[in-house]
Amino acid sequence: MSTATLRDRVAAFADDPVTVRGALHRIGITAFVSTLLVVTLFPLYWTINTSFKPADETVTAIPTFFPENFTIEGYVNVLLTSGAIDNVINSIVVSVGATAIAILIGVPAGYAYARNPGKIGGKNVAFWILSLRMFPPIAPILPLFFIFRQLGLIDTYVAMVLLYLTFNIPLVVWLMRSFFQDVPEAVEEAALMDGYSRFQAFYKVTLPLVTPGIVATTLLVWVFSWNEFQFALVFTRTAARTFPPLIPTLVGGHETLWNQVAALSTIAMLPVIAISLLMQRRLIRGLTLGAVKG
Amino acid sequence: MSDIVLRDVTKIFGDDVLAVDEVSLSIEDEELVVFVGPSGSGKSTTLRMIAGLEKPTEGQILIDDEDVTDVEPQDRDIAMVFQSFALYPHRTVRGNLAFPLEARSMSDAEIDERVEDAATILGITELLDRKPSQLSGGQQQRVALGRAIVRDPQAFLMDEPLANLDAKLRTEMRAEVVSIQQDLGVTMIHVTHNQEEAMTMGDRVVVMDEGEVQQIAPPKQTYQRPANRFVAGFMGSPSMNLINGTVEKESFTASQSDVSVDLPPGLSSAAGDVTLGIRPENVELVDNPDEYTFLADVQLVELLGNVQIVHFDLGGEEFLAELHSDAKVEQDGQYHVRIDPAKTHIFDGQSPRSERIVPEDEITAAD
């Protein structure tokens with residue numbers, strides 16, 4: 001009797017395409033997502049793992065999946081002995097400076113474009129601004145190099161901030177324009193009718209409504225400036241050199257200090273990951289706020 | 001509280017889009033005036049110019065005899081309720097109501113008191129700590145109204161505030177807006193494209209079309225004595241039957257059908273191409289034809305409870321009659337239709353701007 005019941009159950013299960021298909025579907029998705037996670041997270045894990053190993057453990061024939069001799073010598077050596085701490089400070093100064101100025105200029109500009117479509121510089125100007133981000137960064141490097149050398153700006157913070165602004169301001173204007181477009185003009189007009197000036201209406205009503213957008217934009221712009229390699233390599237030597245061009249110099253012809261490379265890479269990644277996780281909710285709201293008309 | 005005067009106000013958008021064309025009108029203190037017209041008629045633009053949100057291209061706007069044409073909206077002391085309600089999504093209901101008061105640097109105690117008062121009038125005291133997104137459409141509407149009444153402004157401007165509500169709520173809020181206006185004794189301008197709203201709410205109605213004022217009159221007068229063919233067709237539902245035709249020897253002959261009736265008395269000045277207008281409720285079916293009847297075929301009968309709308313076919317043109325639901329009317333039947341000569345209008349042409357010919361007895365009465 002119990003056998004019959006079991007057979008019935010199997011039959012019922014097999015006859016139920018919804019259940020079978022559903023189960024297969026779930027298995028398929030789980031397998032796909034797991035593979036994706038391994039592929040994306042393994043390099044992160046391996047970098048962090050390596051950064052806490054002593055130098056000789058990074059080159060063992062059989063790699064260790066956890067540091068056998070846990071140490072922070074990679075961090076100490078790269079920051080102090082190799083002097084990377086100066087480059088990290090340079091990176092902080094340049095990226096924060098370029099981000100702050102881009103936001104200060106780009107947010108009001110985005111607002112102006114959102115509220116006066118076609119009035120400022122014609123209807124194609126917004127696309128022209130975006131197109132500044134489309135050309136390959138390598139294209140203007142040579143002319144810019146000569147200009148900056150003439151001006152005595154090579155290897156200075158000013159040069160780096162100016163270069164990053166060229167790419168960041170268009171992005172901020174473009175993103176903020178669509179965030180501002182999503183705030184109905186009637187809400188601002190209501191503030192005018194309620195007795196506020198246009199500027200008060202902007203910062204008391206519109207600005208709070210686009211805060212998630214500003215947060216998301218700030219993060220995108222900052223990450224770009226923090227990670228940028230090409231301009232930093234060409235336009236800096238020592239005084240203003242940021243850390244990304246430093247990392248490949250640690251890969252030497254005779255010896256590569258993999259734990260130091262990994263330590264510096266971890267220092268580079270951590271703030272981005274930490275801020276993204278902390279601001280995840282606001283960030284997602286910000287990113288979708290700009291994308292979806294509501 | 002105050003009166004509002006518009007002198008030859010014109011608004012041109014861009015280079016050539018004429019939105020409002022030389023509108024002049026005067027709104028008295030404590031009056032409720034309704035701007036009504038189809039979309040694109042310039043009613044909202046006119047309202048926005050009174051609010052200060054748009055600058056007139058030409059003309060003058062005066063509030064309490066003071067020229068405010070170039071005064072910024074925040075300095076006009078006028079409250080406005082928007083079609084979209086335009087509540088501040090990041091503030092609670094209390095924050096929304098307090099917002100206009102905060103601009104006037106009032107003490108916190110006074111702000112609290114005024115907010116409570118306004119919330120009590122509108123019955124939203126329980127909602128004060130909610131965000132606008134947690135409210136229903138009707139509740140949002142009340143908050144928008146509350147934000148207007150909380151600060152005791154010189155005038156209220158309402159830009160289609162009932163358009164986003166469902167039919168039942170719209171009727172309720174209509175009555176509530178009128179009673180608030182009367183209780184507070186404020187000047188109010190209400191904009192709508194709904195002629196029924198105009199009919200029921202306004203002390204006076206300003207009918208607009210294509211940027212021009214067509215008629216300014218009490219609602220009943222726009223209904224009974226429309227200034228022109230446009231007003232006749234726009235005010236009233238179902239709308240007035242308008243038949244193109246010619247007048248010859250005091251007799252009207254339709255151009256599209258074989259309708260031919262005598263010209264109603266007192267309209268002997270009518271001649272040539274005209275439009276005959278008759279409201280569906282001023283039509284009856286009779287057994288014995290006379291000089292005001294014509295023969296017509298029934299196309300469709302719609303029963304609406306106590307009345308039925310009978311659609312006749314006049315040579316391809318539709319002609320409506322609103323009859324008591326007891327009247328025996330059969331689909332595809334043929335009947336003698338009689339128009340009430342006392343309620344028949346003749347317009348001196350066939351365009352929307354064709355003016356109504358004023359009957360002699362009306363002129364005499366006016367004298």
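**Helix crossing and packing**

A: The axes of H3(A) and helix H12 (residues 258–278) of chain A come within 8 Å and cross at roughly 80°. H3(A) is therefore roughly perpendicular to H12(A) (angles of 65 to 115 degrees count as such). This is a predicted model: local features need pLDDT of at least 70, side-chain atom pairs count only at pLDDT 80 or more, and totals for chains, interfaces and linings use all residues. Residues are numbered from 1 along each chain as written, chains are lettered from A, and side-chain values use heavy atoms, without hydrogens and water.

Q: Which residues of H3(A) and H12(A) make the contact?

A: From H3(A), they include A:Tyr75 and A:Val78; from H12(A), they include A:Ala263 and A:Leu264. Contact means heavy atoms within 4.5 Å.

Q: New topic. Is A:Val210 buried or exposed?

A: Buried, because its relative accessible area is 0% (buried is under 20%, exposed over 50%, partly exposed in between, with a 1.4 Å probe and protein chains only). A:Val210 is found in helix H9 (residues 198–227) of chain A.

Q: What is A:Val210 in contact with, leaving aside its neighbours within four places in sequence?

A: A:Met176, A:Phe179, A:Phe180 and A:Val183.

Q: And where is A:Phe70 found?

A: In the loop between helix H2 (17–51) and H3 of chain A. A:Phe70 counts as exposed because its relative accessibility is 57%.

Q: Which helix gives the largest share of the nonpolar patch?

A: H4(A), with three residues.

How values were computed
Helix = DSSP H or I, 4+ residues; strand = E, 2+ residues; numbered from the N terminus. Axes fitted to C-alpha atoms, helices over the stretch in contact; angles between N-to-C directions. Parallel < 35°, antiparallel > 145°, perpendicular 65-115°, else oblique.
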